[in-house]
Amino acid sequence: MLLGVDVGGTFTDVVLLADDATVHTAKVPSTPSEESLAVLEAVRAVLALAGARAQDIERFAHGMTVATNALLEGRTARTALLATAGFTDVIELARQNRPHLYELCRAAPTPLVPAELRFAVPERMAPDGPLKALEPTAARELVAALAASEPEAVAVALLHSYADPAHEQLLARLLAELVPAVHVSLSYELVGTFREFERTATTVLDAALSPLLSSYLGRLSQDARELGLCEPQIMQSSGGLTDPAHAGAHAALTVLSGPAGGVGGALALAALAQETDVLCFDMGGTSCDVCVIEGSQVPETAERTIAGRPLALPALDIHTVGAGGGSIAWRDAGGALRVGPASAGADPGPACYGRGGEQATVTDANLLLGRLLEDSPLAGGLELDREAAERAIACLGRELGLGPIDCALGIVHVAEAEMLGALRVMSVERGVDPRGFALMPFGGAGPLHAAALARELGVSRILCPRASGVLCALGLAAAAPRRDAARTVMLDADALSPERLSRERDKLIDEASAALSSAPWRIRVRHELRYAGQSFELAVEEELAPAAHDPGGRDLGALDPDALCAEFARAHELRYGYRDDRAAVELVNLRVSVWGASPALRPRVQGGQHPDTDVRPIVFDRGEALPASILRGELAPGTRVCGPALCALPEATLLVAPGWSGEVDEFATIRLMSA
Amino acid sequence: VSALDPIELQVVTGSLRAACEEMGVVLIRSAHSSNIKERRDASTALFDAGGQMVMQAEHIPVHLGAMPAAVAAVLGESHAEGVSWILNDPFAGGTHLPDITVITPVFAPGKRSRERSHEVLLGFAASRAHHADVGARVPGSMPAESRRLEEEGVVISPRPLDPSSAEGQRTIEELVARMRQPHERRADLRAQLAANRAGAQRLIELAHRVGIDRLHEATDAVLDYSERRTRACLASLPDGVLHAEDVLEAREGELVLRLRAVVAGERLLLDFSGSATQHDGNLNCPLAVTRSACLFAVRVLTDPDIPPSAGAYRPIEVRVPEGTLLNARPGAAVAAGNVETSSRVADLVLSAFGRAQGQGTMNNLTLGNNDFSYYETLGGGQGACAHADGPSGVHVAMSNTLNTPIEALEREFPLRVIEYALRRGSGGCGRHRGGDGVVRELEALAAMSFSLIAERRRQQPRGADGGEPGACGRDLLDGRPLRSKITGALLPGQRLRIETPGGGGFGDAREPQH
């Protein structure tokens, strides 16, 4: 049995995949002050539901927000930084651009290391090796001075250490000797790629969050043990799992783990539906996360940011916009209807939650249009107050000169335009044509907006999983272990020999494989290339059959640099509309990822019955109310769904617009086609 | 009031904004000049068929009000599908010579493709980028001591460019042959054309969405909307007449700039009468650059959420007598006007409205020889605000470009960075402190020329409301002070150190904080 537990801002979701492939789900309120409480409660709840014992669980996968919340709330460790002399302010100078063009005093996030805890290391590396050697005596004195400042964590980030880590390694040995109890993060080991500010900032973030994360994971492992549960496996920002010791030692690896589980769930269900190209969007209460599955893969990037700080580590390429169910609608000074980014959150929540919220939100608009059922309580036992929603929307409508229904339609339309923008950023702006893709909505609110977005994007297929309301937890249960290793190699055309390429690559494969506790099932090499003179790289990927990788035998087959360059030129043309065959290509970074085995996910529907159906009016885009069939409860495979209709799933609501129809497949995914 | 309802208005505005952003992504990510790719010294915009700017992506403020002049310069020409326009002449749509603008007319695809004559002009997509070199004696084309425009590089008067034709290819080859690193220039131009193609595609999609016949109505509605928002902001400022005076540090002495700002209801007049006449150096500005700086400052003073379109600027009148430093006559040298004088114009407007001053310079440093050109601008202290300290080590006004990472710079150029740090204590004291400047010291590893254009070396950035001024900047060659506008040579091993100014403080430091 496989267990996935995902902690969100409002709810902690759990999915249990039983040995007979039955899926059990539960939702409990999150406990932000100590996340592990809700985690264990959710586990107990789902075990009871499935009639299973903790000992039956083979794997317990966990997605959490401990590190993220600590960062947002400023609960970071007292962190010291060892940086090259003359460059200790790099962490504060950042890239010298101001965060807002016109709000001149808006400050960038304060560095996680104050000036007095930045220590200047008397050394200097150049791109091709040491310029000024680090003398062991001087290094020892410096580390002793650092120890006297009593830090809880230390980040080491020296210039050009990706090219030659000898000085960082020397400092690491001295730190282990002189302050053995203090957490240490090394930039060459954690990041390994060039651009000093991003590497330093990532290393500092890692150091500042690791002590806290490590103690949380220690407590959770202990509690799990007492319950008879196996050790938790932790979701990383990359979408792969790692063990608690590694996660606790490198908090930066999991700081964007939140939505990563959902992407895994989407990938697994898309594969079952035999769809290779899928646009996914996860809409919750405050925001909407968008990602693209192309060729059964989700692109990755090492250029994401968190709370204004760069994160130069592999992360799934997910784009977030502030459009959620709780986003507040308002009229601006020019008379336009706006939605978000302010959100009513979970408390007071939308007006229809009846907790004192008075401003109109997207959820209120959906309720007024009949797209949410007031008598079908949302997850968590919430009753919806239609009158409160109507009051809030009528009030905004008067300001805008619109009737309540037109105003509600407008709110939905403007929110959808925001989501559409996010979907475009992830598709057309990256050279991906969305027509021909399927659209997969998830999160509690996503499936309400799928049909409208599909029409705008020219998409004719929608996949709505039965578990779309808890897809993150499902994705966790189905995730595979993963390790990464990266290095800036900066090889120009002359140095790009097959031998050199294989040597650099195999070094990284060995490093990543050694860290994985089991034998690799999948190895992927990303070659980040650019035309000499450019500053942004494009990745050319290579999948290696793990059997071919024999740590003793060495030979993985020589790579052909010409093929690599040709593939890069093709990618460049696709993305930017031109190629330049006269320009030299250089290999900037190599990134290797290795995966362990992932469990096969084939969810089986339990107790699916042909649903009770009734008919109610729903307002669709043109403003007219159409009689729509309302389907409730578990939908059995083969159930026909024909728009206009509404499917009230256990944790989400799917709106089926006129012109859309389809049926429930064997994995309980509702598959719709437009006429 | 509007042809669009409040919902459509928001959706059309969003689409235009997204289209301009997308153009910027294509341009920045595929360009070769480090100015464009690392420093993002580039802008993209969409225009209606009448040449009004309907939206601009905001990468760098100095291009804000100057893009419309470029389209105005070619508006009267006859346009054909696939034929773009290229220009950099500061007195015919440009700003300074390194900024090359490419303008692409956008046509609705004809119902029958052979009926070209029936194609409808929907508007224009335009991109502007700071190229690393456009000729001139000094690599990097930012000479510190030029006196006439032609000393600053290749002057491109607006000319047609059809990259798919042999003639278009010849145009490109002929232009880049007169610049350094022609291969890189060619690639940058290609990136600009690609950006315009992306913008054109989105404008066509929008036209299909709202209806080709209604596109004009829709973009007009966006312009009117921006205007309403600006008017609402201006109306909230107290009516009255404000004055400000400041100087530029020319070689021959200080040049005085004067501003009289008149707020009257929903309108704003910025009158620079009484400012210095144009001079024999390169601090001169074409009017478009002065307008840009004014519009930047107004955006700071009003609401930055207002869509940056021509409509937003209708209630603002910028009055500058011809022949002055801020509205120079054709032929004047302008290299520093775009970067330094523009900063001072923004200072004047912000000072008039009671703001403390930021570093007021971009500290332009260009290095190069026949193998490379490298241009960087350095951040400094921001002026403090009424409720917050000024940030340190940032670009303060007309620029917001990124630095080049040391680990990239040392790989690409024969340079070593000796120090890069905050210049602590350089910000002015006050109830809120001005931001600190930075220290940057470089060592040449090969023989090269350098060109430095900086300001606020003699006049400190002022504080406001009793706040103290920030420290002046200074520049040293192997420890010896340099003039702030100078071209010279570096031998291997020589070190150039630049210390940038701090920002002014706000409020009296002795008064308790509110």
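## Polar contacts between chains B and A

Across the interface of chain B and chain A, 29 residue pairs are in polar contact, with both residues at pLDDT 80 or more. The model is predicted, and these contacts are computed from it.

Several elements of chain B give two or more residues to the side that touches chain A. They are helix 1 (6-30), helix 5 (182-210), helix 6 (215-235), helix 7 (287-301), helix 9 (406-412) and strand 13 (415-423). Helix 1 of chain B supplies the largest share, 12 residues. By residue class, the side of chain B that touches chain A divides into 38 nonpolar, 16 polar and 23 charged.

## Extent of the interface

How many residues are in contact on each side? Chain B contributes 77 residues and chain A contributes 70. Between them, chain B and chain A bury about 6,200 Å². Carbon and sulfur atoms carry 53% of that area.

Three residues of chain B lose the most area to chain A: B:Arg29, B:Glu407 and B:Arg411. Together they make up 15% of what that side buries.

## Salt bridges

The count between chain B and chain A is 7 salt bridges. One pair that meets in a salt bridge is B:Arg209 with A:Glu456, through their side chains. The N to O distance there is 2.6 Å.

Over all chains, the structure holds 87 salt bridges. Within chain A, A:Arg95 forms a salt bridge with A:Glu198. Their closest N and O atoms are 2.9 Å apart. Which parts of the chain does this pair tie together? A:Arg95 lies in the loop between helix 3 (90-93) and strand 6 (118-121) of chain A, and A:Glu198 lies in helix 7 (residues 196-227) of chain A, so the pair links parts that are 103 residues apart in sequence.

## An open sheet in chain A

In chain A, 4 strands form an open sheet. Their order is 28-29-31-32, and the pairing is mixed. Strand 28 (613-619) and strand 32 (653-656) of chain A are the edge strands, each pairing on one side only. From one strand to the next, the twist averages 30°.

Strands of a sheet pair through backbone hydrogen bonds, either parallel or antiparallel. Which way do strand 31 and strand 32 of chain A run? They run antiparallel. Strand 31 (residues 645-648) is joined to strand 32 by 4 bridges. In this pairing, A:Leu646 stands opposite A:Leu655 of strand 32.

Technical notes: Residues numbered from 1 in each chain as written. Chains lettered and ligands numbered in written order. Heavy atoms only, no water. Pairing = 2+ DSSP bridges. Axes fitted to C-alpha atoms, helices over the stretch in contact; angles between N-to-C directions. Contact = heavy atoms within 4.5 Å. Buried area = accessible area lost by both parts, 1.4 Å probe. Salt bridge = Lys/Arg side-chain N within 4 Å of Asp/Glu carboxyl O. Polar contact = N/O pair within 3.5 Å; in protein donor to acceptor, adjacent residues only side chain to side chain. Nonpolar A, V, L, I, M, F, W, Y, C, P; charged D, E, K, R; others polar.
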